[in-house]
Amino acid sequence: MGAGLKGWGPWPDNAVEWQSSEFKKYETVAYFTNGQAFRWFAQLDWNPTSYNYPFFTSVSPIFENAADGDSNLKVAGASGWYRVGVDLTAKTVTAVAVSEPLMYMTGAGVGGWDQPGTGQSVKMTYVKPGVFEAETEFISGETFRFFAQADWNPLSYNYPYFTEGV
């Protein structure tokens, strides 16, 4: 939570969820804003547990101590998308710049079969790894599919992708 991410509140709307791959290890891809601060919380409110800069023994140079009275983490790197890993046992924070996660809906069912990222295609909003959302009008009786880039290839997701193995 913090201005370095989506803002200092309200809970839970501006909280950024971090997914766990192992006990006390978390990772996400998020947009970070240069010069702004944030910190981690173990729950969806301000208390009782939070993690600020001094908690960690090794922090990526993308972040520094905000020296703001709460010792939050300040984004020292350029504003942009980063894959950030947090290990609460090892007390480490890693960060690497990545491209913005993309997903488009393209097809007659959403306005036209133009190349994703142009014209009538619908750019979806990244929420968290594997989750995108968008508001759009669907055209009854028409089709569409999802594309993971502003191009026809390499990744697209059609009806069987979502129904196989269900």
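## Basis of the description

Helices (H or I, at least four residues) and strands (E, at least two) are taken as DSSP runs and numbered from the N terminus. The model is a predicted one, in which local features need pLDDT of at least 70 and side-chain atom pairs count only at pLDDT 80 or more, while totals for chains, interfaces and linings use all residues. Residues are numbered from 1 along each chain as its sequence is written, and side-chain values use heavy atoms, with hydrogens and water left out.

Asp87 belongs to strand E9 (residues 80-87), and it counts as buried because its relative accessibility is 14%, where buried means under 20% relative accessible area, exposed over 50% and partly exposed in between (1.4 Å probe, protein chains only). Apart from neighbours within four places in sequence, Asp87 is in contact (heavy atoms within 4.5 Å) with Lys24, Lys25 and Thr92.

An open sheet is built from four strands in the order E12-E11-E15-E16 with antiparallel pairing, two strands being paired if DSSP finds at least two bridges between them. Strand E12 (122-123) and strand E16 (156-157) are at the edges with a single partner strand each, so one side of each has no neighbour in the sheet. Strand E15 (residues 145-147) pairs with E16 in the antiparallel sense over two bridges, and Phe146 stands opposite Tyr157 in E16.

## Backbone exceptions

Most residues other than glycine have a negative phi, and most peptide bonds are trans.

A pocket is an open set of points on a 1 Å grid over the protein atoms alone where a 1.4 Å probe fits, with protein on both sides within 12 Å along at least five of seven lines, and lining residues have an atom within 4 Å of a point. The second largest pocket is lined by 15 residues, of which Lys6, Val16, Tyr126, Val127 and Lys128 lie nearest its centre. Strand E2 (25-32) and strand E13 (125-128) are the elements that give two or more residues to this lining.
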